[in-house]
Amino acid sequence: MLPIVQTINAYLSDYVLVFMLLGVGLWYTFRMRFIQIRYFKEGFKRTFGGLSLKGRKHESGMSSFQALATAIAAQVGTGNIVGASGAILTGGPGAIFWMWVIAFFGMATIYAEATLAVETRQISKSGHVLGGPVYYIRTAFKGGFGRFLAGFFAVAITLALGFFGCMVQSNSIGATFSTAFGVPGWVVGIVLVTLCGFIFIGGTKRLASVTEKVVPIMAAIFILGGLILLIMRIKYIPATFGMIFKYAFRPQAIIGGGFGIALKTAISQGAKRGLFSNEAGMGSTPHAHAQANVKDPHEQGTVAMIGVFIDTFVILTLNALVVISTLYTPDGPLSAGVIPYGIDKTNLAQTAFAAAFGGKSGPVFVAVCLFFFAFSTILGWNMFGKINMIYMFGEKSVKVYTVIALVFIFLGTCASNDLVWELSDMFNQLMVIPNVIALFALTGMVMHIEKRHKGNRDKK
């Protein structure tokens, strides 16, 4: 099964994903006149202006920051540590440059996704906020075609994030804890299932309460540790940035092979892992932004852009700089592009931190950070899958979905990593197709939302 899934993924990432993600990002960037630059300051103010780790509870939905925290919880996970490491190992340091490109244009994409999610959301009979791509897909396309696209997306995201994606996260937690502490995977699985089950049962309110506290704290801890390491490796920082830009356009010099194949590998790895990291264009985080109690969809759109910025340009970049400055510089074990036996994407970051912090402290630091990153991602992804289960089967399906999700989380701590990652990648990429089609179709609505915002602002 693994070779079949790998073949599908290679085709999707090399020929479909890059063009669709860059295409929709470029489309909205130019149609909205570089909205990610024009509204960056506003988004930053909305995000951090009223920052609180103890937001008030809402009858339904979340505060704008809680929605962003839930979105970042989903974005900042193994994609930042394990995924970025895999991109560097396979595509060389230059893959990070292409991740930046994807993220920059993705900020315009996520603006469109978030505003559409708020604009088209619905309230269920029980008072829960339901919003996301399935609702704006049905707005874009009426009749059978709309039902097909929405159903295709709902099935793909439930498998990609609700089940296989959570296996990826729990698998990474289990692997890093085994390396750092020698704890068996099944023990980690039991603890993880217990914590997740408690939060899942509490619904949106409990989820929002957890993510708004965990996300800022976990980000601060990782950033602090990363900065300390970079200070220790300060003399290598210029060379590190140099390698990112050099190998973005000359990847064959570090990963071997012909120029064309090497360049395609670097770009596709950057696109694929960039998608898995910031999720812009994938259609996942709009579910969180739809929960925001905001008067104007534009407001949450600007906040959503900051989420992509934090995910890629802060967290992921910091991890990449740590790995490259420690392992790929002249005194590093990967300076020649040859990967020693025993080093892979799951332990690359631990290897980097161990080289600077010591053989015991480094792996422990990464294991603790990855636990919080992956744990928070599981919480966010479970909610996204649940919303789509409700769309397909109604609210009675939530209990069954929760049980199945917990089983997948436990199995992830014990299962082999390669097939889990490939299946998650495949369904992640399949989600992009109906979501991007709808984003193109609803360009007029997104532009109207921004124009309406400007009109209301000018009246004040």
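**Labels and their cut-offs**

Student: Why is arginine 38 called partly exposed?

Tutor: Its relative accessible area is 31%. Buried means under 20%, exposed means over 50%, and partly exposed is in between, using a 1.4 Å probe and protein chains only. Arginine 38, at 31%, is therefore partly exposed. Before we go on, note that this is a predicted model, where local features need pLDDT of at least 70 and side-chain atom pairs count only at pLDDT 80 or more, while totals for chains, interfaces and linings use all residues. Residues are numbered from 1 along each chain as its sequence is written, and side-chain values use heavy atoms, with hydrogens and water left out.

Student: How do you know that glutamate 450 forms a salt bridge with arginine 38?

Tutor: A salt bridge needs a side-chain nitrogen of Lys or Arg within 4 Å of a carboxyl oxygen of Asp or Glu. Here the closest N and O atoms are 3.1 Å apart, so the pair qualifies. The two partners are 412 residues apart, with glutamate 450 in helix α19 (residues 443–459) and arginine 38 in helix α2 (residues 35–38). Helices are DSSP runs of H or I with at least four residues, numbered from the N terminus.

Student: What makes glutamate 450 buried or exposed?

Tutor: Its relative accessible area is 7%, and therefore it falls on the buried side of the cut-off.

Student: How many salt bridges are there in the whole structure?

Tutor: The search finds 4. One of them joins glutamate 119 and arginine 452, with 3.0 Å from N to O. Glutamate 119 is in helix α6 and arginine 452 in helix α19, so this pair ties together parts that are 333 residues apart in sequence. Glutamate 119, at 33% relative accessibility, counts as partly exposed, and arginine 452, at 30%, is partly exposed too.

Student: What about glutamate 42 and arginine 46?

Tutor: Their side chains also meet in a salt bridge, at 3.0 Å from N to O. Both lie in helix α3 (residues 40–48), 4 residues apart, about one turn of the helix. Glutamate 42 has 19% relative accessibility and so counts as buried, whereas arginine 46, at 34%, counts as partly exposed. Together with Glu299, these two are linked in a network of salt bridges.

Student: Which residues have the most contacts inside the largest nonpolar core?

Tutor: They are Ile96, Cys196, Phe222 and Tyr328, in a core of 141 residues. Helix α6 (residues 95–120) gives the most to this core, with 17 residues. A nonpolar core is a set of buried Ala, Val, Leu, Ile, Met, Phe, Trp, Tyr and Cys residues joined through side-chain atoms within 4.5 Å.

Technical notes. Helix = DSSP H or I, 4+ residues; strand = E, 2+ residues; numbered from the N terminus.
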